[in-house]
Amino acid sequence: MKTRFLHCADIHLGYQQYGEKERFNDFAASFNAVIDKATGIYPARRGRPPLEFDPEIAGPVDFVLLAGDLFHKRAIDALTLNQAMRGLRRLRDAGIPCIAVEGNHERAYYEETIGWMKFLALQDLIILLDAEIDGDTLTLQPWDPVRRQGSYFEPTPGVRIYGLRYCGASTGTAVAAYAHAIAEQQAGAADYTIFMAHAGVEGQMDDKAGGLAFRQWAALREQTDYVALGHFHKPFVLDDWICNPGSPESCSISESDWTPRGYLVVEVDSEQPAGAGRHRILGGNTPRRAMRHYTFRTDHAPSPAALMSQLDEFLERKAQELGRELRRPGVTESTPPVVELYLTGVLPFERRSLDLKAIEALITARFSPLVGAVKSQVQSADYAIESDAYVARGELERRVLEGLFARDTRYAGESDKWARVAIALKQMALAGTPADTILDELDAHLRQPAGGA
């Protein structure tokens, strides 16, 4: 038996990232790209040219696996539902069944009878799989086209797919129970067996908790030929057996470096003996918006003006680099990009002189981005105050102020003078001097040339 299928997950329809409508549309575009890939039909949309894919893995496929998180959230709007139904109808009209499991983002609320994935199953747009679990007991039932439910489905003769919804902390127990149930039931029931779940693998993402250890997944090794996962947005293939395609679009800017990702096309030849090339796994890359995050250290900017000059030069260089990257053959990223700039290090001048709005304007000028954001993670310079066993309050106050001025490169050369000025202005305020008089006194000091008394 030979067959081909497409494995995808984590579409996240309905995500209006950064509050931008275009990002909402981007997630729909990535879903449509997956559907294009599965059907082998690449229509032009909104003036965009037809998509081109590696001809080695061109569609159509025999069936599609959707391993959870078709939607970004449980409460979706009509437009998001329409995006999902239009894409799934294209699969159905092409005679390609979509077999799915429910992810953590789309689970029905506790008081609801059904969620949106079950609704799509009732519309004959997906085949939603799940097991009936009661404590440690797991019951496997074939897909019932009348009740629109079941724990396994056979899209083509000789291929059986088992499915498990997102189970959170109970995933390990559920997988162990599933492995035991499949072992009891299988006994030559299928030539090629797939297990699909919305769950991760421990160690594949450093900042992502909740994955099962490989040894826990190993309970399925003797019963299955392919484990189709979702949930983790980073693509991986482990031991030519546990597979995750990665999210088609970037749900955060930290995902932008993971490429290729978006779907896997698997060519199956069950006539081959187990472990001897029964399938070939080919990774695909969906078109997505360019997203870049840059880091700039502020340590070497002695003044706000110098910082702006250095940043402008830095951003101009990065914008040119991005332009060259996007012009390379085979690159599927589109513009305008999303750009995030992280400011780190020690700020040599006072924090309130850091003009984030002006820096955002530099990003806009250099990149013409869809979104341009500045995130400040700078730290103020530390300073030490030398003191004897006892220091009078007035002297301690002077030392603190002198240290503060010494940290700002604009006043560092005359930190002792400005400390005295600050103390004098404070005394004027305590004595009830009118505010206008205090401002005039400060203005007089500011007008004095450097080195003046």
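Which strands and which helix are included in what covers the buried residues of H4? The cover includes strand E5 (132–134), strand E6 (137–139), strand E8 (159–164), strand E9 (192–197) and helix H5 (214–217). The model discussed here is predicted, so that local features need pLDDT of at least 70 and side-chain atom pairs count only at pLDDT 80 or more, while totals for chains, interfaces and linings use all residues. Residues are numbered from 1 along each chain as its sequence is written, and side-chain values use heavy atoms, with hydrogens and water left out.

Helices (H or I, at least four residues) and strands (E, at least two) are DSSP runs numbered from the N terminus. Helix H4 (residues 171–185) has 15 residues and spans 21 Å from its first C-alpha to its last, close to the 21 Å expected at 1.5 Å a residue, where the expected span is 1.5 Å times one less than the number of residues. Among the buried residues of H4 are Thr171, Gly172, Ala174, Tyr178 and Ile182; buried means under 20% relative accessible area, exposed over 50% and partly exposed in between, with a 1.4 Å probe and protein chains only.

**Aromatic pairs**

A pair of aromatic rings is described by the distance of the centres and the angle of the planes. Rings of Phe, Tyr and Trp (its six-membered ring) pair if their centres lie within 6.5 Å, and planes under 30 degrees apart count as stacked, over 60 as edge-to-face and the rest as tilted.

| Pair | Centre to centre | Angle between planes | Arrangement |
|---|---|---|---|
| Phe5 and Phe63 | 5.0 Å | 15 degrees | stacked |
| Tyr294 and Phe314 | 6.4 Å | 90 degrees | edge-to-face |

Phe5 in strand E1 (residues 2–8) and Phe63 in strand E2 (residues 63–66) are 58 residues apart, and their pair links distant parts of the chain. Phe5 is buried at a relative accessible area of 0%, and Phe63 is buried at 0%. Tyr294 lies in strand E15 (residues 288–297) and Phe314 in helix H6 (residues 304–326), so this pair ties together parts that are 20 residues apart in sequence; Tyr294 is buried at 11% relative accessibility, and Phe314 at 9%. Ring pairs also link Tyr152, Tyr162, Tyr178 and Phe195 into a cluster.

**Nonpolar cores**

A nonpolar core is a set of buried Ala, Val, Leu, Ile, Met, Phe, Trp, Tyr and Cys residues joined through side-chain atoms within 4.5 Å. The largest such core has 54 residues, and those with the most contacts inside it are Leu70, Leu120, Ile194 and Tyr226. Contact means heavy atoms within 4.5 Å, and, leaving aside neighbours within four places in sequence, the contacts of Leu70 include Ile11, Phe31, Leu88, Met117 and Leu120. A second, separate core of 30 residues includes Phe195, Val201, Val227 and Trp241. The charged end of Arg221 sits over the ring of Trp241, 4.5 Å from its centre, the criterion being NZ of Lys or CZ of Arg within 6 Å of the ring centre and within 35 degrees of the ring normal.

Two strands pair if DSSP finds at least two bridges between them. An open sheet of six strands has the order E4-E3-E2-E1-E13-E14, with mixed pairing, and its edge strands, E4 (127–128) and E14 (279–285), each pair on one side only. Strand E3 (residues 98–100) runs parallel to E4 and is joined to E4 by two bridges, with Ile99 standing opposite Ile127 in E4.
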